[in-house]
Amino acid sequence: MTALRVLIVGAGVAGLALARALHQRDVTAEVVERVTNWEPGGAGLYLPGNAVRALDELGVGPAVSAAANPIGRQRFLDHRGRLLADIDVGRVWTGVGGCVAIQRAALHEVLLEETADVQTRLGTSVTDVEDGPAPRVTFADGSTRSYDLVVGADGVHSTIRTLTLGGPPARYVGQASWRFLADGFPDISEWTVMLGRGRSFLTVALGEGLVYCYADLNTSDPAGAAREDWRESFADFAEPVPRLLEQAAEAYFAPIEEVAPPVWSARRVILVGDAAHASSPNMAQGAAMAVEDALVLAETVTADQSLDQALAGYEQRRQARVTWVQEQTHRRDRTRSLPPVVRNLTLRLAAERIYRSNYRPLRDSP
C-alpha cells in the first residue's frame, strides 16, 4: 500500500489534513493547488469538541492549541443585547474535546508545517480526468499523469466534482455573509451571537483582543447584497457591533451555499470536505467534517481490502454523519427565521436542550 499513487486536488484544510493522515500511514500523496500563493480566506474558525478531537487524532492538536483561544461558553442575545441563552459548551463536550477559536490562516499554517514533506504544487489546476482503474489527469499546462486515486478536496465549487460527476452545482441557501477580523476588544472573551429579524452578527474571541466577526442576512439577491453597504443592515444592533463595524471595510463576502451530491465517487475518484458536503456554517462543522473525512479515508484506503471496497466503505461510513449535520443546519435556519418573539422564547426555554440534540451524534467518533 505504500506504493499507492494519490493525487489530492486542493490544499485547503481538507486536502492538507488528508495529506497528513496518509503520511501518518506511510502513503505520500501529491497535492496540487490552483492558487499561486497562500491567502486563506474566512478570517476565523470556531472549532467544537469533535473538530478538536479530530485534529488531535491527526497529530496536530498541540500545535493548534498553541495558536488557538479556548471557548467555554456560547451566548445568544437579541439585536438589542438582551440575553436569550448562555450555554456551557465545555460541559456539553466533556470527554470529547475542548472548544477553541483560531484564525483560519493559523490553522492552515499548522497543516502546512505538518505536511512539509509532502510535495505541493501551487498554481496548478486540473482540466480533465479520464475515468478508469488508474485515472489519467490532465493539468492546465498540458501535462498528464495517471494515479491510483484522485481526491477532490477543492471546495464548494469543486472542479473535480464537475469533471467526474457532472455536478451538482452548489445551491444557494438564502443567506449572504461577511467575515472580518477586528482588533482592540479584550472585553470580548467568548462566542456570542446577536440575532435580529433575518440577520445575525457573531463574535468569537481569538485572544489578546482579536475578534472573528461573522455577519449574515437573509436575502434572495446575494449579488445585490454584495453591491450595497451591508453594514447599514446592522446599524440598529447594540454595542459592540457598531464599534466592530468600524473595522469591517474590507470584510470578505460570500453567499452561503450547500453541496449535496447523491454520490461522492466515480470509480477511483473521491470527494472530501466541502467538495462533497458543504453546508451552512451555523453548526461550525466545516473544518470538523473535513478533518474527519481525511482520517476515515486514510484509514480505509490503507486497510487490508481492495481500493474499490475502501472507497465504497468510506462513503458509506461518512454519509449518515454529514447528512445529519446538513439536516441540523436546515433546522437551525428555520428556527432563526421564526418571528423574533417566538424565536427568542424558544431560545430562552430550550437553547441548551436544542444544542445538545444538534450535536449528540457528533460526540461519537466518526
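The model is predicted, and local features need pLDDT of at least 70, side-chain atom pairs count only at pLDDT 80 or more, and totals for chains, interfaces and linings use all residues. Residues are numbered from 1 along each chain as its sequence is written, and side-chain values use heavy atoms, with hydrogens and water left out.

Helix α2 covers residues 49–57; helices (H or I, at least four residues) and strands (E, at least two) are DSSP runs, numbered from the N terminus. Seven of its nine residues are buried, so α2 is largely enclosed by the rest of the structure. Here buried means under 20% relative accessible area, exposed over 50%, and partly exposed in between, with a 1.4 Å probe and protein chains only. The buried residues are Gly49, Asn50, Ala51, Val52, Arg53, Ala54 and Leu55. These pack against β3 (44–47), α3 (61–67), β7 (99–103), α5 (104–114), α10 (286–301) and α11 (307–336), where contact means heavy atoms within 4.5 Å. Just after α2, Gly59 has a positive phi of about 90 degrees.

Thr115 is buried, with a relative accessible area of 4%. Apart from neighbours within four places in sequence, Thr115 is in contact with Leu16, Ala19 and Arg20.

The second largest pocket holds about 200 Å³ of space. On a 1 Å grid over the protein atoms alone, a pocket is an open set of points with protein on both sides within 12 Å along at least five of seven lines, a cavity is a set where a 1.4 Å probe fits but cannot get out, and lining residues have an atom within 4 Å of a point. Grid points are joined across faces, edges and corners, and the volume is the space filled by probe spheres set on the points. The lining has 15 residues, of which Arg75, Ile188, Thr192, Thr203 and Pro240 lie nearest the centre of the pocket. At least two lining residues come from each of β5 (73–78), β14 (191–196), β15 (199–207) and α8 (241–245), and α8 gives the most, with three.

Strand β15 also holds Gly207, which is partly exposed at a relative accessible area of 23%. The C-alpha atoms of Gly207 and Leu245 are separated by 19 Å, and the two residues are 38 residues apart along the chain.

The aromatic pairs number 12. Rings of Phe, Tyr and Trp (its six-membered ring) pair if their centres lie within 6.5 Å; planes under 30 degrees apart count as stacked, over 60 as edge-to-face and the rest as tilted. Trp178 and Trp230 are stacked, 5.0 Å centre to centre with 10 degrees between the planes. This pair links distant parts of the chain, 52 residues apart: Trp178 is in strand β13 (residues 171–182) and Trp230 in the loop between α7 (222–227) and α8. Trp178 is buried at 3%, and Trp230 is buried at 8%. Phe201 and Phe234 form an edge-to-face pair, at 5.9 Å and 70 degrees. Phe201 lies in strand β15 and Phe234 in the loop between α7 and α8, 33 residues apart. Ring pairs link Trp178, Phe180, Phe201, Trp230, Phe234, Phe237 and Phe253 into a cluster.
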